[in-house]
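Have a look at the model first, then try each task before you read on.

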Amino acid sequence: MDVMQVLGHPVRLRVVQALAGGRVLTTSQLCERISDVHKATVYRHVGALADAGVLEVDGEHRVRGAVERRYRLRERVVIDAGTVAAMSPEDHRRTFATAMAALISEFDAYLGLEGADPVADEVGYRQHVLWLSREERAEMIEELRAVIVARMRNEPAPHRRRHLLSPILFPVETPTPDAGA
């Protein structure tokens with residue numbers, strides 16, 4: 001199964017996000033973090049991710065006679081440019097819908113946390129219209145990538161909270177013939 005098929009389910013995306021940043025968690029801990037999803041569903045999707053090689057077992061221990069495994073991401077999950085280029089418009093629709101379903105589930109879970117405060121937490125979900133040439137767009141993407149990658153290196157610490165950032169960028173109209181792309 002290729003990475004697009006493996007990650008083609010919102011629950012699997014949420015499991016991957018929960019383990020991102022070098023986290024090692026048991027399936028029980030994943031169920032606690034994804035508490036709005038039935039435990040059997042989380043276990044099934046963890047199994048699918050492990051079978052596909054996205055997750056690996058980091059250790060095992062006995063809990064009341066059962067074996068509890070600790071999982072981690074095998075490596076950072078990346079969908080390469082070749083895979084994206086080979087996707088059909090329908091593949092893009094399906095992938096985008098899956099990503100949005102996972103994002104909506106994560107946001108709903110956040111709102112369900114005791115003490116969730118979107119104002120104090122500076123939650124943002126804004127849209128901005130930008131007029132960009134190809135060069136300006138490429139420059140902006142590179143600048144954003146540099147800022148984001150630098151923050152992705154942050155280690156967990158008592159004063160830090162995990163945040164989910166989901167940049168989305170796409171053109172909203174066809175360029176005029178003399179405007180260039």
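**Exercise 1.** Work out whether D91 is buried or exposed, or in between.

*Solution.* Start with the cut-offs: buried means under 20% relative accessible area, exposed over 50%, and partly exposed in between (1.4 Å probe, protein chains only). D91 has a relative accessible area of 26%, so D91 is partly exposed.

A note before you go on: this is a predicted model, where local features need pLDDT of at least 70, side-chain atom pairs count only at pLDDT 80 or more, and totals for chains, interfaces and linings use all residues. Residues are numbered from 1 along each chain as its sequence is written, and side-chain values use heavy atoms, with hydrogens and water left out.

**Exercise 2.** Find the partner of D91 in a salt bridge (a side-chain nitrogen of Lys or Arg within 4 Å of a carboxyl oxygen of Asp or Glu).

*Solution.* Step one: the side chain of D91 meets that of R94, at 2.5 Å from N to O. Step two: both sit in helix α6, three residues apart, so about one helical turn separates them. (Helices are DSSP runs of H or I with at least four residues, strands are runs of E with at least two, and both are numbered from the N terminus.) Step three: R94 is partly exposed, at 46% relative accessibility.

**Exercise 3.** Which parts of the chain does the salt bridge between D36 and R14 tie together?

*Solution.* First, the bridge spans 3.0 Å, N to O. Next, D36 lies in the loop between α3 (27-33) and α4, and R14 in helix α2, so the pair joins parts 22 residues apart in sequence. Finally, R14 is buried at 2%, while D36 is partly exposed at 42%.
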